[in-house]
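Reader: Please walk me through how the chains of this model meet.

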Amino acid sequence: MLRNTIPWLIAACAGSVIIAAYFVPSAQGWQDTIGQWFEVLASFAFVLGGVNLAMQNLQKISAREPGWGYAAVTLMSFLVTLGVGLFKVGVPADSSGSRWGGSYQAEGSAFWWLYEYAYNPTISTIFALLAFYVASAAFRAFRWKNTEATLLLATAFIVLLGRTYAGAVLTSAIPEEYSAFTFPGLTTLIMGVVNTAGQRAIMIGIALGVAATSLKVLLGINRSYLGSGDG
Amino acid sequence: MAWLQTLDRRWIFLAMLLAVALPQLLQVRVPEKPTPLVLNVFRKIEELPEGSRVLISFDYSPSSEGELAPMAAALVRHCCEKRHRMVLMTLWPDGKPLVERAISRIIEGEYAALGLQAGRDYVNLGYRPGKEVVIKTIATSLRAEFPTDDAGTPLDDLPLTAEVTNLQDLDLLISISAGFPGLKEWVQYASSPLKLPLAVGATAVQAPQAYPYIPRQLLGILAAVKGAAEYEVALGERYPNLAIPERQDAVRRMAPQLWAHLLIIALIVLGNVAALVSRPRGGVR
Amino acid sequence: MTTATSSRVWWPICVLSAAFLLWRAAVPGGPGMARVYVKPAPAEADASSAGWLAARPDESGAVVSPARTAGVWVAALLTLAIFSFLYKDNPAYRFAEAVMVGVSAAYFMVAGFWDGLVPKLFIPLSQMEWGTVGEVGRSLLTLTPLVLGMMLLWRLLPRGGWIARWPLAFIVGTYAGIRLLSFLEADFVSQIRNTIVPLVVRDTDGLGFDLWASVRNGLMLGGVLSCLAYFFFSMDHRGWYGRVARVGVWYLMITFGASFAFTVMGRIALLASRLEFLFDDWLWLIDPLGKRPPPGL
Amino acid sequence: MNLLCRIPPRRYWFAVCLGWVLCCCGWGAAGAQPGEPVPGESLPGPPGGLEGVDHPGDNGTAIDLRWSLSIDDRAEFKPRRVKGYRLERRALPSVAGGSEADSSTDETQVFELPYGVGQFVDRQCVPGRSYQYRLWAVGPGGESAVVETAGPVTPRRQWFDGTRTGFALLLLAICGAVIWFTERAKRGKSLHVREIAALRAMREAVGRATEMGRPCLFIPGIEDMNEIATVAGVAILSHVAETAADYQAEIVVPTTRSLVMTAAQEAVWGAYLKADRADDYRPDRIYYVSDEQFAYVAHVTGYMVREKPAACFYTGVFYAESLIFAETGNSVGAIQIAGTSEATQLPFFVAGCDYTLMGEELFAASAYLTREPQQLGSLKGQDAGKVLAVVLLLAGCLLATAVEVWPGWDPPVNALRWLTGRLLGGG
């Protein structure tokens, strides 16, 4: 009851109220209030996550699991970053002479240094790895197998060329009145007609999927996130 | 041709590295021409009367900076040239330093001679958590989310924002977006319900998602580095002082693009040649 | 490649690179790469800004900042460590991964504290009043997220972790309502409205018909309808219906091909900007933005 | 301030100074200060017919105002004879028993409006209070005569947002269909749905992992529980976990949000209970990594390369990491099944994974996997929504075509206006 039914009732009531409030002018701000609460709850969730991370790594270290040294590195960098961020280490003092008034990521602070030289470069580098994966995926996946795969391949080919100056140069011999058949022209056509149609159908479908799934949550048909095991 | 079938993908990685690194080291430049979707945005900013209020939301994190920073810079430069008054903000927690960097490098750096003043010519609202809820809230009340600017000054004390009640008091919205929350949310909660002109800069991944919103909910898209490069060229044609390499970051970045694109095209061809020659049964998937 | 040959290849490369870096960074009279120069912030700037600002090497009053120079080295080495994963998993990558996870998790906690909890919870809590009925109501509203957050953190205690389901259910329930509305409104309704186009389009002069625009509109509507047919769950993809759904799949494949190719550009831009950091800020091999005086001056 | 924007740059400083002086003097009290007339310019003509009405379907805080432009407000006149309009609002003393809010509002307020604009929505009103408006045009030659609203205007609070009627109808139709089909299914009506290959493959993938003695990796997306796709992903997780529990395969779920971790732990625990294998449940296999997308990616790819999972499931919201996961998973030889609601990422999953649930299929998956009648009923509801979409599209396009072909004929014009403006226009 307390573990399963009440949480579902909370979800059902809260969701229904939000839907009804949407149509009442004086209650239209409720969604924003919920949004604010969610922000606060998300901040609490960071604490839950941080403690979970610290516990996992402590466990690895104390059990001397393989790779426990890396767990120690994770734990150290976590604690150092948390410390300098929460205590505003190195934040330049504001007019009152205290660092507490300054921004926690003010230029020159220890937290700023970690952000600028450890956080930022590493995440952008992971992101940059994608350039390599795009190349290997292109080599591996775009094969002339059946109609569907061929369409995928041909479109990618045309758009790739159309998005560079090379495409414009290759088809520069085509006269102005047939500009729709140049690579940039074909790209615009594909993006504007076929891609738009495909995207719209996907969006309409997803909207219906979201609506049905939301309703299943509100009706209590989907309670898997509460661990009741029934889908 | 058997080697193509068993090609270690690390050779592909190496080829990609060279295709991007060499043009950068040799500093090659390739030409560029603005396309209509970019020109729509350019013309809108150009046609707004001087001193219009333009909101620019930096909805990306450092991880997309390579792709989006040049267009953010180009848009901010254009607003400076036209003396538009800028309201800057971000919906991404790690976007805050990016806004500050744009201010210190461009507004207070390159355009130091104009003497643009914080609060009068531009306002940095900073970051508020809440994602799309922030947009929804400022659509009706700017002060409900941003009672003060990033430095803590009440909006009523800033000449630029003193008369701005909500988004409807702005002349143009621009979102430079790398995902959620970003262009889709600006369309959903700002341009679509309020019928406000919205221009977006998008990463290449986001851009296809923006096309369905054209032209009703979006007036134009700058798609990835290419869009930024085209914008820089358009800017350079109108303002010759911006047609120098230091102000055309994206144009410079198009050279590695060209070679990497050609490499990928070559890889697709090679992959198919390999498949045709050895005629595998089944296939990769 | 066996470990022995691999190390025979890699050792000389590492030694050569180290020597190259040493020459570029440390040899007096060499390029002096990776150094970051700063200057004191101007006196008239408000006191809340940093004490030091980035500067060009040739500016008056510019000095090398040891912290920022070290930062560039750390950033460059972490960047290389991550790129090394492309060759194979190795200790350098595992170290970088460990640092990333630790720093970023803490980053979000700190940002959540200073940007979330402080302005959205602690400040409102400190301003609570209990005088009138309206004030009591507002104060209770302010307390709600605190209570929900505490219930969530209950999970960290050894017993009664199930209480965290309540705030979870609250969030899932309210957002089920919010998303139901926003997706139906913004995606379902507005995409249908955007797709309502005339199948026959008049010329701009209003006399004849614009064949090209009509065909485009027809292709668009046909595409949306056939893709929707593909997503239909109640009918098997057989017979005429299967053919329509197949056309839908074709549309989807073209959409995906286009999206994929469009994306390539962004991914390359990201790689280019990382390499630019290595070549420009760290190695000082190129200087596209004119950040430094040309060598020899 | 719009007025100042149009002053040539050399007069900009002067204008700013003037603006400040005006602000400081409390320029609201007696209306605006008269502009300094430029010699040789005539006064602009006044605007006409100022009308104010309550803004419909709102909380009583807005008034719609409308007027006809001054005869001098035309684009042909260069330089412009009308630089803008000033609208003055005067709050009338409220009737006895006015609330505290009344006394706190300014008695008069002036809005600066640009030229060429004939309407304005005053959104700063107090519900139930009456306001009187005055409007005049401002030009280089000075200010025009003043026009006033015929009488006081009072904004009223409404209980139903009338602009959203159309949307409410559609919402009722779609939700009604889902609920109706669900109820019908509960009563035992058999329902047929087509095959989805990816879902059949899920069980096989877990089986393969068991045979190879390697773990199954489940990624419930990188967004929080406030995304419905994550909720759908967690529902799929509970089925995969049940199969895994059944086969005694190991399942590992790294998450990027601690709320998702909480929900995933609950879901997997529930699944193990259901499979009667509660002793095998290991909560430390469902753990939080970092909220940062790419730190999470670094961890997961590192995990994949080291532990070589035999089956990888990606369901929920994905961004750039989709391709990194798909390519890394492919390089370690895992069977990969993906499903996402992010249209931008579908191409990468389609290219990189063995099976992909496209868009809406992700939300249908849990219904397929449970085969519970209620869940299948909701699928029928989704289909009803698609039928509705097709009908609306066809009707709309036919009407739009009719409007285009017979431009002078009114019925299709009105019908189209009702369809796009009322039914599909709300919200």
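Reader: How many residues of chain A are in contact with how many residues of chain B?
Author: This is a predicted model, in which local features need pLDDT of at least 70 and side-chain atom pairs count only at pLDDT 80 or more, while totals for chains, interfaces and linings use all residues. Residues are numbered from 1 along each chain as its sequence is written, and chains are lettered from A and ligands numbered from 1 in the order in which they are written. Two residues are in contact if their C-beta atoms, placed from the backbone, lie within 7 Å. On that basis chain A and chain B meet through 37 residues of chain A and 39 residues of chain B.

Reader: Which helix supplies the largest share of the side of chain A that touches chain B?
Author: Helices here are DSSP runs (H or I, at least four residues), numbered from the N terminus. Those of chain A that each supply at least two residues to this side are H2 (30-62), H4 (110-141), H5 (147-162), H6 (165-170) and H7 (183-219). The largest share, 13 residues, comes from H4(A).

Reader: What is the make-up by class of the side of chain C that touches chain A?
Author: This contact takes 97 residues from chain C and 105 residues from chain A. Ala, Val, Leu, Ile, Met, Phe, Trp, Tyr, Cys and Pro count as nonpolar, Asp, Glu, Lys and Arg as charged, and the others, Gly among them, as polar. The side of chain C has 70 nonpolar, 18 polar and 9 charged residues.

Reader: How are H7(A) and H5(C) oriented to each other?
Author: Axes are lines fitted to C-alpha atoms, for helices over the stretch in contact, and angles run from 0 to 180 degrees between N-to-C directions. The axes of H7(A) and H5(C), residues 165-195 of chain C, are 8 Å apart, and the helices pack at about 155°. Angles over 145 degrees count as roughly antiparallel. H7(A) and H5(C) are therefore roughly antiparallel.

Reader: Is C:Gly239 buried or exposed?
Author: C:Gly239 lies in helix H7 of chain C. A residue is buried if 20 or more other C-beta atoms, placed from the backbone, lie within 10 Å of its own, exposed if 12 or fewer, and partly exposed in between. Because C:Gly239 has 9 C-beta neighbours inside 10 Å, the residue counts as exposed.

Note on methods
Angles under 35 degrees count as roughly parallel, over 145 as roughly antiparallel, 65 to 115 as roughly perpendicular and the rest as oblique.
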